[in-house]
Each structure stands twice: as C-alpha cells, then as structure tokens.
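Hi everyone, thanks for coming.

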Amino acid sequence: MTNLKLNPEGKKLGSVLAIVLIIGLSLFAAGCTEQGDETGEGAETAPAEEASEFSEPVTIGYVLWDGEIASTNVMQQVLEQAGYEDVEIVAVDAGPLYQGLADGQLDFTTSAWLPYTHQSYWETYGNQLDSVQTNLEDCKIGLVVPSYVTIDSIEELNSEKDKFNGQIIGIDPGAGIMQASETAISDYGLDMELVSGSSAAMTASLKKSIDSGEWTVVTLWSPHWTFNRWDLKYLDDPKGSFGDADHVETLARLGLEEEKPNLYGILTRFQWTHDDIQTVMMDIENGTAPEEAAGNWVANHPEKVNEWIGEESEE
C-alpha cells in the first residue's frame, strides 16, 4: 500500500526533475555555443588578418638588364623564404614598368636607375610612385669599348667611325641608356647609327668583335658581368651626356606600405653591393638558370637575407 501511495508522487517528482534537467542542459548548451562562436570568430579573425598579406599575390616588375634579372630573382626567393605564397616576376620595358607601378598593376620594382637613366620616366610618373630605398649605389652608364681600342673619348668616335662600321651597338629601344645615347649623338655631332636590339644581342656582338680583335662600341653600365669577362673601358664623356653615376632604387606603387606593411619593411631593408649582384650575374652568364643562380646566392648569404626579412632581432 505504501508503494501505491508513493508512486504518483514519485512520478511527479521525476517529471519535475526531468524538466529542470532539460532546461539546465539547454541553457548550458546555449552558453557553450555562444562562447564557442565568440572563440571561433576571434580565432578566425586574428590569424586571417595576420596571414592575409602572405597569401595575397605579390607582383614584381623589372627590365631585362642582366643586373635587374639578378636582383629581381633574388628578391622573389627572399619573399618566398619570408613566407609569401604567390610571388610573380614580370619582365617589361622601362616605360611600361613605370606605368604599371603608377597604375597599380605592379607592386614594386628593384630596377629604377635614377636620377639620370630613367629621368624621363620619373618626370612622367614620379608623383604617382613611392620611392622606397636605394638598393645599389654608384651605377655608371655610357659608351664602352675594348681596352685595345686606341681612342679614349666620345669626341674621337667620328674620326674613327669606319673602324666601328659607323655603328653604336645598343639594347632595347625603350631603355634609358638608349635615350642618353641619342643625347650623346646629338651633343657630340656623331655621324654614327645607334643600333637597337637587346642586352643579349649587344653582349653577343661585343663577344664576336673581341674574339676577332675588331673595334666596337656598345652601350653598357656598371655593374655588369662583361667587365669581369673582358678588359673594357668607358669612353670619356666631357659633355656629360650620360650624367654622373646613378643609383638603383626600389620603387613601389602608392598604398603598398599600408596594404602590405611586412613586405614594405623588407623593401626598406633591401640593399646590397656590386660584389653581391656581380656574383649572381656571373653565375647566370656561365649558364645557370636565373632562379637557380638567385637561389645559390640566397643560400650562401643567410645573414644578409635574414636582415632583409627582419629576423636578425629574433636571434
């Protein structure tokens, strides 16, 4: 009988406990879900913001000069080592290089020869660009001959023009050095033709002339691997048509510093020497692929690369 009396009360009590338990579990689950959402959002947001710069594409423009091929391939590998996932290098003539930076199609270049060689491009686009840092000092351009050529000045070219076949062997027509060469032809009243082509064609012509002991005059610049390979000399330029020594500058599109501050920091620290770049250039000239030559240099100079990346303070 006792059991019969207690059973209804037990059922009521069980029902109440079950309801309380269900409500409690529901509230607990809701609290966990809300907390989980907050944690998830925080966990997703911070790393995403931190990692977004490294996952976004980076585009580097450069001109097809031997030194700029070297520096651009090195920079590509440095950025990849720093953690950038998509680094593209784009070869263009000087005019499109500056226009691409001004239009925002390119992020940056390490190929700006200033203040003389690329002067006209800077005058056109300079106020639309960010001058980041000088990456290489004391870079000369001019007319160059083999040392066995017996003249020493641009002023003497006309008197020996037949020995040069009436030609100055140049590179791509959009290059700043070609514009300076046209200025020199006018300044000195040279009765010679400036032959445009490419950097590779110019050096091939130089090699052919030297191998046969012939006279030749070419447009050249320092640093360049040809000065390591052959005995060459610049012709004096008393009228200053080619200007004083340039420096090579890193230029960026406007807004890069705000959008990719880590990348911009690397660009502000990127500086090297003639010996550095000459090593890469000679490696390429000796048959090594540009990306492999750049990789060799990066592997052999970890301290300098870490300094550019900004890791030296963490050691």
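**Pockets and a cavity**

Let me start inside: helix 2 gives the most to the lining of the largest cavity, with three residues. Before going on, a word on what we are looking at: this is a predicted model, where local features need pLDDT of at least 70 and side-chain atom pairs count only at pLDDT 80 or more, while totals for chains, interfaces and linings use all residues. Residues are numbered from 1 along each chain as its sequence is written, and side-chain values use heavy atoms, with hydrogens and water left out.

Now the terms. On a 1 Å grid over the protein atoms alone, a cavity is a set of points where a 1.4 Å probe fits but cannot get out. A pocket is an open set with protein on both sides within 12 Å along at least five of seven lines, and lining residues have an atom within 4 Å of a point. Points are joined across faces, edges and corners, and a volume is the space filled by probe spheres set on them. Helices (H or I, at least four residues) and strands (E, at least two) are DSSP runs, numbered from the N terminus.

Back to that cavity. The structure holds one cavity of 30 Å³ or more, and the largest has about 60 Å³ of space. Its lining includes Gly-67, Glu-68, Ser-71, Trp-113, Trp-221 and Trp-272. Besides helix 2, strand 4 (129-139) also supplies at least two lining residues. By class, that lining has seven nonpolar, three polar and one charged residues; here Ala, Val, Leu, Ile, Met, Phe, Trp, Tyr, Cys and Pro count as nonpolar, Asp, Glu, Lys and Arg as charged, and the others, Gly among them, as polar.

Of its 14 lining residues, Leu-64, Ile-69, Ser-198, Ser-199 and Ala-200 lie nearest the centre. Helix 2 (66-82) and helix 6 (199-212) each give two or more residues to this lining, and helix 6 has the largest share, three residues. The classes here are seven nonpolar, three polar and four charged.

Of the 13 residues lining it, Tyr-116, Thr-117, Gln-119, Ala-180 and Ser-241 are closest to its centre. Domain 1 and domain 2 each provide at least three of the lining residues. The lining has four nonpolar, nine polar and no charged residues.

Helix 5 has 12 residues and reaches 16 Å from its first C-alpha to its last, close to the 16 Å expected at 1.5 Å a residue (the expected span is 1.5 Å times one less than the number of residues). Ala-180, one of the residues closest to the pocket centre, is also among the buried residues of helix 5, buried meaning under 20% relative accessible area with a 1.4 Å probe, protein chains only. The buried residues of helix 5 pack against strand 5 (141-146), strand 6 (167-169), strand 7 (193-195) and strand 8 (218-221).

Note on methods. Domains from an automatic or database assignment. Buried < 20%, exposed > 50% of the residue type's maximum accessible area, 1.4 Å probe, protein only. Contact = heavy atoms within 4.5 Å.
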